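Please look over the sequence and the model displayed here before turning to the report.

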Amino acid sequence: MSDLFAGLHADAYDRVYGNRRLLARILRQLRAHRAGMVGSALLVAGSVLLTASVPIVVSRLIDQAGGGSGPGLLLCLFVVAAAVLAWAMNWARQAITARLVGGMVYQLQSEAADAALAKDVAFYDENSVGKVLSRVTGDTEGFGSVLTLTLNLISQLFLVVLLGGVVFWIDPGLGLVIVAALPFLLGTALAFRRVARTAASATRRVMAKVNANVHETMLGIAVAKNFGREQAVYGDFDEVNRLSYRVYVRQGLIYAVILPVLTLLAGLATAVVLYQGGRFAVLGRLSAGEWYFALQALGMLWQPVTQAASFWSLFQQGLAAAERVFALIDSDHAVVQSGNAPVTALSGAVEARGLHFRYGSGATVFRDFDVRLAPRETVAVVGHTGGGKSTLAKLIARAYDFQGGELLVDGRDIRGLDLLAYRRRVGVVPQHPFIFAGTLAENIAYGRPGADRADVVRAVERIGHRVWDRSMPMSLDDPLAAGGQGVSVGQRQLIALARMFVREPDILLLDEPTASVDPLTERGIQDALSRLCADRTVLVIAHRLSTIRRADRVLVLHGGEIAEQGGFGELLRRDGPFAALYATYYAHQESA
Ligand SMILES: Nc1ncnc2c1ncn2[C@@H]1O[C@H](COP(=O)(O)OP(=O)(O)OP(=O)(O)O)[C@@H](O)[C@H]1O
C-alpha cells in the first residue's frame, strides 16, 4: 500500500505555518465575522442550558410525585416550554452557524480564486490546475467543516461539563462512577479512531488514484484509440479500481465494528450507573429523581465523548486544508517588480544584458545572455528544441523573473515598470490559442478589455475578408465551446490574430503553430501576419519558412546561446548553423 502515499510530499506553495502562525492566520480570517460568532456562542450557551435543564427539572418532578404532592402544573409547563425553547435556540444556532460558516467559506473561496487568478505563469508550471481547483473549492470547504465541527464540539463539551457538574453536586460517589466510565469510552474511541483514520486516509488516496487514472485516460483517449490501446488502458483502470474496492470493503468492515463496540461499552456503563444508583436510592442516599437524572446525564454524555475522540483527526484534516488555502492566498509572487513606473506607448526596444535564467531549481537556460530587438523590428527565432526560444519570449512577457543580468524595455529596467500597464502593451500569441466559452465576437474582443463590436469588425477587416470568410463559416454571434471544440487549427490562429488586431500591442510575441493548414489559409494567415507585424516589435518563434523570409533578422538559438544571427539570405550564404537547420527543417517548405 506504500505506493498510495507516493507523490504526496509538500511542495513550494504548501507553506508550513507552524501551529501558532496558523492559529493567528485563522483568527485573522475570522475577525470579519466577529458578530456572528458572538451570536452563535450565546445561542450555544442558551440551548445547552435549556437542554440540560430538562432532565434536571424532570428529576425534580419525579421526586415531587414520589413525595405525594403530585407534579406541579407549572413544572410540567416549564418542561414543555424548555424543550420548545431549546429546540428553537438549537435551530437558531444551526441557522446562524450555517450562515456564518457559509459566509466564511464564500469569503475564503473568493480570496483563493482571486489569488489563483493573480498568480504568475510560473505558479501554474509547478501546480496543476486540478490542484489549484481543489484548493479553491475542496480545501475552502474543509476549512468550513472545521468551523462547524469546532462550534458543535464546544457546545457538546459545555453540555458535558454542565451535566457532569450537576451529577457531582447531587452525589460525588455517583459522579465518580460516571467519570470512571469515561476513560474506557474515550480510550476505546481513540483506539478505533487510529484504525479508522488509517482506513480513511487509504480510501482518500485510492480515490485520488482512481480519479487521476480516469483523468489521464480521458486526456489521452484519442491517442489510446489511435494506437488501439483501449484494452491496456482499461486494464490499468481495472487494477486501481480493484484496489479501491478492497480498501473500501476494509473501511466498511472497520466501521461496522466500531459503533457496536462503543454502544456496548456505553450500555455497560449505563448498567453500572443503573445498579449503583439503584443501590444508593434504596439506601436513601439518592432520591428516585436524582437516580433518573444520573442515568439521563450518562446518556447525554457518552455521545459527545465518543465524538470528541474522532474530532481531533477531522480537526487536523481541516487545519491542513485551511493551511493549503492560506498558502495559496499568501504565497509570494514569482515575478516581483522593484517599481511601478507608468507605461503608456512603447517604442519597442528590447535588450537583454548578461541575462541569467533558470526555471525554479532546474538547469540554467540562459547564462550571460545578450540580445537586442530594435523598435519595430521583426525577429524570427529558430533553433533546435529546448534551445530557449519560448523562454526568451516568456521573459519579455514578464511571465517569469530572471535571476541575474538586465532586461531593458525602451532603455528602462523591465522590473521597474508598472506590470499591468506593461503587459497591456505586450501581445502574446501562443502555439495553441485558447478559446473561451462565448461567441466568436466575444472571443476576439478578449484581446482588449473594453473592446466593442466596432473593434471586432475592424479586426476582421484587417485580417481580410477573403481569408476570413473562406476559413470561418460561423458568424460573429455564433457561440464557441470552452477549449475550442470544433474550431480548427487555422481558425484558432485567425481568432488569435484578430485578438491581436484588437489589442494593438507595441511588442508582439508570437509562437507559430507547428501544425500546417491548407495553402490558401496559410497564405491568408501570412498576409494577416504581415499587416499585424508592421509598426511593432515582433519576436516570432518561427516554424514557417515564409515567416523566416519575411523577418528583418533571424536569430538561431542553441542551448541558450545565440549560435548565429542575420538576414535570411545572409545566413544561408554563410553555410553555418542556420543553413544546417534550413536543410533539415525548412527546405522542404520551399516546394510546398
Ligand atoms: N516550465 C518549465 N520548467 C522547467 N524547465 C523548463 C520549463 N519550460 C522549459 N524548460 C526547460 O528550459 C529549456 C528551454 O526550453 P524552451 O521551451 O525555452 O525551449 P524552446 O527552444 O522553446 O523549445 P521548443 O522548440 O521545443 O518549444 C529546456 O531545457 C526545457 O526543458
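The report below treats domains, a helix, strands and a ligand shell in turn.

## Basis of the model

This is a predicted model, in which local features need pLDDT of at least 70 and side-chain atom pairs count only at pLDDT 80 or more, while totals for chains, interfaces and linings use all residues. Residues are numbered from 1 along each chain as its sequence is written.

Helices (H or I, at least four residues) and strands (E, at least two) are DSSP runs numbered from the N terminus, and two strands pair if DSSP finds at least two bridges between them.

## Domains and a helix

The protein is divided into domain 1 (15–170 + 311–334) and domain 2 (172–285), with bounds that come from an automatic or database domain assignment. The centres of the two domains, taken over C-alpha atoms, are separated by 23 Å. Across the boundary, 5 residues of domain 1 are in contact with 6 residues of domain 2, contact meaning that the C-beta atoms, placed from the backbone, lie within 7 Å. Helix α5 (residues 129–170) supplies 4 residues, the largest share of the side of domain 1 that touches domain 2. That side has 3 nonpolar, 2 polar and no charged residues, where Ala, Val, Leu, Ile, Met, Phe, Trp, Tyr, Cys and Pro count as nonpolar, Asp, Glu, Lys and Arg as charged, and the others, Gly among them, as polar.

Helix α3 (residues 73–118) has 46 residues and reaches 66 Å from its first C-alpha to its last, close to the 68 Å expected, a span defined as 1.5 Å times one less than the number of residues. Buried residues in α3 include M89, R93, L100 and M104; a residue is buried if 20 or more other C-beta atoms, placed from the backbone, lie within 10 Å of its own, exposed if 12 or fewer, and partly exposed in between.

## The enclosed strand β9

In strand β9 (residues 507–511), 5 of the 5 residues are buried, so the strand is largely enclosed by the rest of the structure. I507, L509 and D511 point one way from β9, whereas L508 and L510 point the other way.

Strand β6 (residues 426–429) runs parallel to β9 and is joined to it by 4 bridges, with V428 having L509 as its bridge partner. Strand β10 (residues 537–541) also pairs with β9 in the parallel sense, over 5 bridges, and there the partner of I507 is T537.

## An open antiparallel sheet and a hairpin

Four strands form an open sheet in the order β2-β1-β4-β5, with antiparallel pairing. β2 (364–373) and β5 (412–413) stand at the edges, each with a single partner strand, so one side of each is left without a neighbour in the sheet. Between strand β4 (residues 404–409) and β5 there are 2 bridges, and L408 stands opposite D413.

R353 is found in strand β1 (residues 350–358) and counts as partly exposed because it has 13 C-beta neighbours inside 10 Å. Leaving aside residues up to four places away in sequence, R353 touches D370, G405 and E406.

Elsewhere, strands β11 (residues 553–558) and β12 (residues 561–566) run antiparallel and are joined by 5 bridges. They form a hairpin with 2 residues between them, and G559 in the turn has a positive phi of about 50°.

## The ligand shell

Among the residues surrounding the ligand are D125, Y359, K389 and T391, the criterion being a C-beta atom, placed from the backbone, within 6 Å. Helix α10 (residues 389–396) gives the most to this shell, with 3 residues. By class, the shell divides into 2 nonpolar, 8 polar and 2 charged residues.

Key:
Two residues are in contact if their C-beta atoms, placed from the backbone, lie within 7 Å.
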